Structures are given as structure tokens and as C-alpha cells.
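Here are my notes from a pass through this one. Have it open in your viewer while you read.

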Amino acid sequence: MRQQKLVPSGSTFLSKQTICSNQQRFAYAGDSHVYIYDLKTFRLEKILPFCDVSVTHILFHPTNPSIIGCLAMDSTFEIWDLSTEKNLFTFEMDKGIKHIDWNEGDTNLISFVFKRSVLVDDLRILDIITKKQEKPFSVSEEITISKWNPKKQRQLAMGTIEGIIYIYDMDTKAKQMMDKNIQLPVVDLCWNPGENLIIAQYENGIMTMYSTESCNLAMIFEKQPTGISSFSWVDNISGDIVTSTNKVGALRLWNASNPVPKDMIKVGPHGISSIAPIKGKQAVFLLQFKNGQVTVFNLRKRKILFQTEVAHTCQVQRCAINPNNHLKMATVGYDNSIRIWDSNEMTVVNIIEDRGSKGEKDNQINALAWQLIQSNPQDEILVLGTAAGFVKLVDVKKNKIAQKLEISYFLKYDHNKLEITKSINLNDPVRSVSWNPQKPNIVAAGLFNGSIILIDSESYKINQELVGCTDKVLCLKWHPQFDYILASGSSDNFVRVWDTKNNGHKNLEYHKSRVRSLSWNHELPWLLISGGDDSFLGMWDIRSNKLIYETYEPCISTSSFTMHPKKPFTLVSSHLDNSLIFWDLMSIPDVFQTQMKFLLDLGLVETLCDSHDQMIPEVKGKLSGEQSKNLLTQIRKQSQIERLVQVLKYFNQQDGDLELWYMISIMSGKGPTQEATNSRVFHIQDSTSAYKSKAQDLQQVSGLKLLGTALSKKEDRLKESANLMLKSGSFQDYCEIMMQLNNYEAAIAVAPKVSLKYWHNSIRKYIDYLTEISQKPQVNESGKYIDPQQEKVHYLLLLNQVEEAAQIMHQRGETQDALMVKSLHMSGGIFQDTLSRHERFQANSLQSIKSINDLGPNDKQLDEFTVAQAQKKFNQNLPILSSAIHLSLQDSKKAIQKLLLSNNLEYAFAVSKMFMPRSLDYVSTLLILKALESESANISQKLIETIQDNRLKTMLESVFELNQTENDEEQKKQGVQDTVYDQLAAKNVKRASKIAINQFRTDESAGCFKAQTFEAFYLLGLFDLDQLPDDIFAETLQCFFVLGALKALYFRMFGMFRTLVEFAKDTCLYQTFNTLKDLSKFNDQDLMKEVNDKSNSFIQKNMQQLLQFTAQYLPMFDEPIQIKHTWIHCTKKIEREESEMEYSKLTGAIIKTVTYSYFLINLQSPGFLLEEDQEVANLEEALDLAMLMPLSPVTQTCKRRIIPY
């Protein structure tokens, strides 16, 4: 199983301190986990699980961005180093902590405010070095909040329940009291980072400002009817203050000189519970919304930079995809909400809440089911069950609870109404229910006593009782194809498969805790998936009763599974840590084999069989579901490109698929797809019409449809529409919209009212003025903020200064806009010197740009922006979207690179076949090795037939034959030349190895390895070297180390270069390599300079030979570029406790322990060990290494092949 997407928990509201940030990262607490994001890429970097306890407060170290402190509900305070993933300190605190603050001046001190009691002081200072706690002084009032002064090392301010504010200096022991003006509890304080001012927030929403020098009240701000939930100074210069409210999703902007707010900024549909400034980024804030979302917001630009998913904030109990509309998925939990998801895009599209819920138990939704039989095709009905014993009927289309019954009987749904039909007394509480899809009148009920009752819903009689479970039956699942097979999971930790025909069962023993969820597969009838409270997911082959795959997610109890009704190898799991995980089943050999058979068009006999035949263990690589039969019928009538796309759609689901299919449709001449309007990137041929269409939609859309968003006001929609019109070159439309908004200054500046010369000179002067003021925030006469740089971009476009405008956008982090503007300019020449000449130039002078090959030597800026945007998405673990961005400029080469570097071989195979046939040999070679590993001989043979390079084809035929016969004896045949190629063709691997070693030694003495040597070891690496004698293997491995180190320099994989150098100590080149390694000890840039230095003859000669080699065998990498693999989901869950098992850093897949003192990862999660005392490398590093050499450097006697593909 491979994680396609992790939807983390929403942010919790156990305190105001469940979000925090520093210069490099931001974090939020999601119930029992802390999620840490990289601020540069917005990539979920690490997850810190606290398992069975909620996290109430988090805060980063004031100066070290890798250190974070976390307070749990059990009053345990832990300090973690994220870089080393070590727990530095653990403190057992008293209960009732209300607030924590870390001293910026003396970072050893942390203040804790407690709820006052007889035994607990309400303020303590913890010294994390001495581990001592002290109470600095006593006050009669209860302290509610404390904040350290960022400018004075050991001074802090405290607010009390009586409304008094104290300033205390720990060095001088001096205590000052601010003027007491408001007799209400102080709930928050904030020091001004630049001046001696402090603002205070009181319980009723009043905000005041004090001078800390005079202790006098400086300002009482206007009380807001919606209250204030959080506030902060915007910067240390302007005197601006920003506040939020729980009631609405808006920020108010104030200034210290004025008691009334000067602006209100709409940022979302939900109230904001907390805001936190991001250090080092001026006017950029972290916002915590009441729906659990966390947003990074640029206040000056009025722009959302990043937003987390709208996830649940309390235990997710169930998830289910609508069988009648597979685009809709529902999830429910203990936060009294139903979230409706787009199952393709994996995003929330709607939230439904029961505002008439009766108590806490009624908020806890335990059960969920979609209506199966629709009386009205337009209906979308959900049925929910709550912990309070209620059944709720939800109309998804109308976004409301339609009916609610307190009942535990058989119910009938007719004419949009639930009715009681029958009550059956089972003498024990029911814990789980499952209807038989093959016999709709049979329902299985699992009881608390361990019994399973089969009931006939027509006669209301108990047909059968299944006995064998020794504890509560928590989940039941009938087989979708066999009406007599039922699976159960129970509190006794067993999965059981029942034969209701013969009243027998099999026990599947693996889980260490309660089994909560089960799922059958519709195409592989022998496959059963289980999950429970032990954080493991298991995949079972019920034919042999064996566990065939396992994965581990630390501290995550699995509550339910749902299989995609149209994509049988896509699975969604819900978890009690509030998260959702989207999985694919590509790791199962049968799934890989059948996908390749469909891609290679091997036909009915090879791909499909009856479900009964599938239950025979010897039958492999075939499907038996109705959908696969329909797919085979459908693709027979389609072209090659349509067939390839249809097969990938059926077997896969990844973020970015929509964009990829859209690009392929354009490139194949079929025009944009129906879903193209939702695309996040547009093809260069389609960009003008696409952006103009977006702008027109904004003018026509109703405000009600955008209610609660930043575009709910008509004025804001028109402004955004004008912005899109200008960027798409529709200048007249831009002027019309701006005049409609009464912004005549902008309209006059665009339209040549007097003359073209006057218009041109006026614009030039205005741009010069904007350049002068570009470093200072500006406010116009209406009090609105103006961004001079943005204005400058607009007017540069009018003057046809596209390169300068695009460069400014790129520097501002608006690479997507820069890319779009440049694409539009090159595709149609829309930015020209005058409006009057626009049509003539477009018609007579300019040719449409269709691909990167049409770009002139001065137009590579467009390619630069495309590469930057694609790399950004690749770094965010969106490789399919990254590939689509390259295809927007029809750059197939870079698109295939991204697919290969993310281990999406089947996607790379299809795109190569469509648009870049010369790369097909390399991609097919990787697939052949993968097929041989999964024992798919027919697929290997078929792929070998497609190889165009005859030399490579001969090699792969030998690899295949040796794989089938295991013949590895050194032979001397007459007529076989003594070369590596010929000996390998004759299947003499041992002799070929000796020749390759001699060839290596010759080149080593000369100080330059020829392209033929790189080729020899590349071909040798295709073969399984397990049978080589240890001495020859050890020498061959040494050669691979050296050549791998040189390849690492070519691909700029400097981390891997440093690793491989350590294994090349016994070679003549070690001293040369070690010198290069020392260059990159502290900075890779120094090594980069040396690699690019033309005077370094050793590097340049070897790089030239490598260039020749890659041009022949790796055509997608035929130029030196920086290579870094990525895994689709590569978030690391930090282990908080020692365990006997080692876990992969990326997926949590269990690493098997073997008899020797090193570890090997199972086939589904490959990796390697660098030294016996080091951790197993992660999957990305395994992919990096596989590109450089085919063997794992565990020990010189370990012959472990690296085939992570």
C-alpha cells in the first residue's frame, strides 16, 4: 500500500497556543499529533505523535528553529529537536496550565501560568538547564497570562483576573503596575517589538494600549460587537495592529494612533480563533480558523499563501464513498460535522452540521451509510447514527438534517421519510451491522458478547448464529461476490473469515489490539484489508490465510475503510487521530501485472478470469470484477492515447491527474477536457481563453455562491476579474471594469484619452514614480492600501516590458502568474506597443508558440519559470502536477523526468509512448526489472519485444533467460568475443564481470573512465549478481562505488556522493574524491563550483564521457542537472518510544530483521543500510542510489539488489 495523500487532523482549540511558527517552519496541534510544515515549500515535513493524549500548547524555541516544546493534556511538557528527532527534555508539570511563554532574551527560561488552587502557584519560571522551577513573586490576584519582553532579557508582563497588569524585572526584582482602568480579566498581552508599548485584551473584547515607561493608559480602542479572539502587532515600524474574531472570518486592521479600525479584510467563511505572526516575514501571519483550517496569510498583499485541508477536529469514525456518485465521499466523527469530499480531487467541498444536536453524545457520530436505491436520481441521502441513539437522515443536496429519530429498530425509507418496521430483541447490544450485497434480505449483526447473528429482514427471523469471537464484534463485511463469505473484526484482536454455508471460519492472527475496520476488493476476491487500534494495516490473501503486506502508522487507530467504487485500487482510511489517508494498492504484484497487461493490450485471456478461478492460488495477475470487463470492452474501441489514459485513470488516482489528462488531451489534438476549468495550470495553447473565461465567470457569479469567501463582495469579484483581464491581455475589458468601480485613475492611465505619445509618456512617468515609492507601503485618498510593485507590473505590461514585469512577479513569489503572462505573450503576442496595432501584429507578424521547441534564444525565461513552478510542486510531493506543468509547454522530456524521479513508472511509460518514444527503452528497462521481481514473465517478454536498441534488447533477453533458468556458471563458448557485451549476451556473467573489472582498472590508471566502461557496468547491473563468488563480487562492488560517485557528481546528488566516497577507500581515486568531499563539508555550492570548473580536467573528462553514456541509455537525463527523487507521501512520523522494530523514515513500513546485524526492507518498501550502526536509509535515498548503482552497500558480502522501482 502506498500513501497517495495524507489529510492531517484539523487544528484543535484546547488553548490559544495550538499554532506557532518560526523563520523556517510552522506547526499546529491536531488533537494527539503535532504537524510541522516547511515554510518555504509548505510541505508537511514531520509529525510528532502523542498517541493517547491530546496536545494543548505548542511553541517553538525563540532562536533555534529545530526545537519545539509541546504540552500534553496529562501535563507532560516535552522539548524536541526536530533535526535529530530526539526528545531533549521531559518535565512532569502540575495540572491546570493555562499559558506558556518562552523567553527570547534568555532562552533557558519558560514561564507557565496555572489555574490557581491551594496547592498550585499560578506562575512559575522553569529553567530548562537546571530543571528547577521558581515562583518569582506573589500577587493577591490570580494571574491569567504572562508574556516575556522581547527587548529586555528577563522582564515579563502579567495580566490578572482583576484586570491589573504588572511588569516584573527578574534581575532588579522591581514590580510595576499599569493604571487600572478596566476591571475585567486580562486574557492576552502583546509587547510592541519596536517601542515601549504593550496592548492588552480583556474578556469582553475590549483592547487597550499602555506605555511601559510611564505605566499610563495610552489608548482604549473601540469595542467590537463581534469581540476579539486574538491580536498581534503587524510589524515594529508602522504601529499597525491586527485582530481576529471567533464570529466571522475577517481580520481588522488598526493603528496605535486611532481608536477605531481602519480596515476589515475578509479571509474566509469561518471565525478565526487565533493568529500568530511568522518571524522573519513582514506582515505574514498564521491564522487558525474555527473549522480547523490553518492558513498562512500575507496581510499586506491580502493573499492566502497556503491553507491546510478542512479536516475533522475530533475523532473520524467513518468514511464512505457514494456508490451512486463516486465523486462524493462523506466522513463523520465526534465534532458534530459531516464533511463531503470530492473523492477525485481529495478535497472538502461542503460541511454539514446539526445545529439542533442534543448534548455531547448526540454530537458523536458513530455510523454512516449512503442511500443505495434512489427513488429520485437527484437525491443524495445519508443516514447517520449517533452515540445518543439517534438516527439522522441528511439531505446532502439541501445541506441540512432532513429527519431525526431516536430508534434502534429496522427502519424503512420511503417517500423521503424513515419509518419503523420491526423491533427484534437480541438480548445484547449490537456493535456492528453489514447487509449482504448478493442477498439484500440478509443482514449480519455483531454483538457485544462476540456472537454474530444473521437476520432475514423480510421475515424478521434469526437465520443463523456464528460463534467463535471471544469479545465484542466491532466490524463486519460481507464479500461483494460470494454471498456466503463474511469477514469480522473483534476486540479479541482477531480477523475471522466465515463460511456461512458450512458454519465454519478461519482465524487470521496478526493484530495486537482491537480490529475496527475491514474491506474487500471488488477485482481481487481473495484480498482482505484490516486495520485497528495497533496502528497497523494488513493485507490478507484468504486463499492461503497469509499476511502479504503490512504497514505501520505510529499512534493512528484505523476506524474505517472505503473502497472507491470506480477505482478498485484506491482506498480511503479514516483514523481516530482525526486524519484521513488516501492509499493505492500498486504494491501488490497482481495489481502491477494487470495494469501492465492493460497498457500492453495483452487481451482478455491474459487479463480477466472468473471470480471462482481467482480463488485458486496458482492464478495470478488477473482481475474478475465487472468494471475491469467494462474497461476492456471500452478500450478496444479507442486510440492508443485514449487507451493509455483510460487504463491509468482506472488503476491510479493521484493529485495532479486532472491537469495531466488535460495536457495530454491538448497535446493529442483533442482540445481541453471538460474538467479543464478546474485545472491549476493551463496549456500554453489554451491559456488566453482559459484565463479570460475565469475572469468572465467572476463577473457573472452570484455573491451567494461565494458567501463567506474573500470574493463574496461584488467589488472584490470585479477587481479580481479586472486583474485576470489585464493579465490575459483584454485591456478594453480591464478599463470597462475599472470605470465600473469608479477607479478612473487606473482607467485613464490605460486608455489613450489624449494621444498615443501623451499616453506613453504619462505611463512612463507613473512607472518612474512607482519605482521611487516601491519600498514603502502607500495608502491612497480613500484609505486603501496600494502595492506599488503590483502597480508597476501592470503598467510594465502596457509598455510591452514583459520580461521585466515577469521578473518582478517571479521575485515576489508569484511564479505562476509570471509563467502565465510570459506564456500568453509568447503564444499570441498580446502585450504590444500600442492598442491600435495589436490586431495587425497578431495577425501578420507573430506565430503561435506551441511548445518549448518554438521558443527563441531570448525567450527561455518562460522555460525558466515553468521549471521553477514545476520544481516547487515536485518538492511539495505533487509529482503528477509537476509533470503536467512541464507538459503545459509540451516539454515531454522534463515531464518524464519528474515521473521517473517519483517512481511513477507506469505514467512514464504511457507519456513516453505518446510523446517521446526515444525514452521508451529506458523506462521499459526499469519496468522489465520490476516485472522480473514480481515473477511476471509474460510482461517481461512483451516489454523486451518493444525495445528498439538491439544491443540493449539482447542484454535484456539474456537477463530474462538467466532469471528463468538460474544458470550462472562461467562458460567458454566458441565464437563468443571476449567483451562484456558478448559475454553477457552469452549469459556468462562471471566472465563479463572479470572483463568489466579489467576495463575499469585500465581507465582508473588513466584517470578517466570511458563511456564504454559506464556502459559495461550499467549492462552488468541489469543482471542478478547473487551467484558471483565473493571475491569477484567484492571487486565489482568497489567499481560500482567509484562509478556511482562520478554519476552522483553528474546528477548533482552531493549527499549520495559523500556516502559512496566512504566505500571507495581502497581505490586509487579515493584521495581525489575525498578532496572533493571536503569541499562540500559545509556547503554544496563549493562542490558545485568545482564540478563546473572547466580547469578541473579530471572532472571535465569524466563528465564528458558520462554525457555520451547518458545520451544513449538515459535520454531524459542527457544533460547535467540536479536530481532528487521524491516519494508520493514522505512525511516522517517521529518515533517517541524505543521499539524492537525499525521503521522506515517515510512510510512507516516495517523493516524485516534478518539473522545478520543489518536490516533489509521488504520488497514493497526497498532501502539500504549504510553501516551496521546507522539507520536504514529512506525510500527517496534508495531511489537516488538505484540511479547510481544496482547494489546495496550493506556489507561486501551482502548481494542485495536495489530495485525500488
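Predicted model: local features only at pLDDT ≥ 70, side-chain atom pairs only at ≥ 80, totals over all residues.

1. Start with strand β8, residues 76–81, where 6 of the 6 residues are buried. In a regular strand, side chains alternate between the two faces of the sheet. Here both faces are covered: Thr76, Glu78 and Trp80 are buried on one side, and Phe77, Ile79 and Asp81 are buried on the other.

2. What does β8 pair with? On one side of the pairing list is β7 (residues 67–72), antiparallel to β8 over 5 bridges. Strand β9 (residues 86–92) also runs antiparallel to β8, joined by 6 bridges. Glutamate 78 is a handy landmark: cysteine 70 stands opposite this residue, and threonine 90 is its bridge partner in β9.

3. The β8–β9 hairpin has 4 residues between its strands, with glutamate 85 at a positive phi of about 60°.

4. On to charges: the whole structure has 38 salt bridges. One of them pairs aspartate 169 with lysine 152, with 3.3 Å between the closest N and O atoms. The aspartate sits in strand β16 (165–169) and the lysine in the loop between β14 and β15, so this pair ties together parts 17 residues apart in sequence. Aspartate 169 is buried at 8% relative accessible area, whereas lysine 152 is partly exposed at 41%.

5. Buried or exposed: how do aspartate 335 and arginine 339 come out? Aspartate 335 has 17% relative accessibility and counts as buried; arginine 339 is at 3% and is buried as well. Their side chains meet in a salt bridge at 3.6 Å, N to O.

6. Then look at aspartate 483 and lysine 439, a salt bridge with its closest N and O atoms 3.9 Å apart. This pair links distant parts of the chain, 44 residues apart: aspartate 483 is in the loop between β44 and β45, lysine 439 in the loop between β40 and β41. Aspartate 483 is partly exposed at 27%, and lysine 439 is partly exposed at 38%.

7. Last, the surface. Val430, Val433 and Trp435 make up a nonpolar patch there, with about 290 Å² of accessible area together. Valine 433 belongs to strand β40, residues 430–435.

How values were computed: Residues numbered from 1 in each chain as written. Heavy atoms only, no water. Patch = residues over 30% accessible without salt bridge, like charges linked within 9 Å, V, L, I, M, F, W, Y side chains within 5 Å. Areas by Shrake-Rupley, 256 points an atom, 1.4 Å probe, with all protein chains shown as cover. Salt bridge = Lys/Arg side-chain N within 4 Å of Asp/Glu carboxyl O. Helix = DSSP H or I, 4+ residues; strand = E, 2+ residues; numbered from the N terminus. Buried < 20%, exposed > 50% of the residue type's maximum accessible area, 1.4 Å probe, protein only. Pairing = 2+ DSSP bridges.
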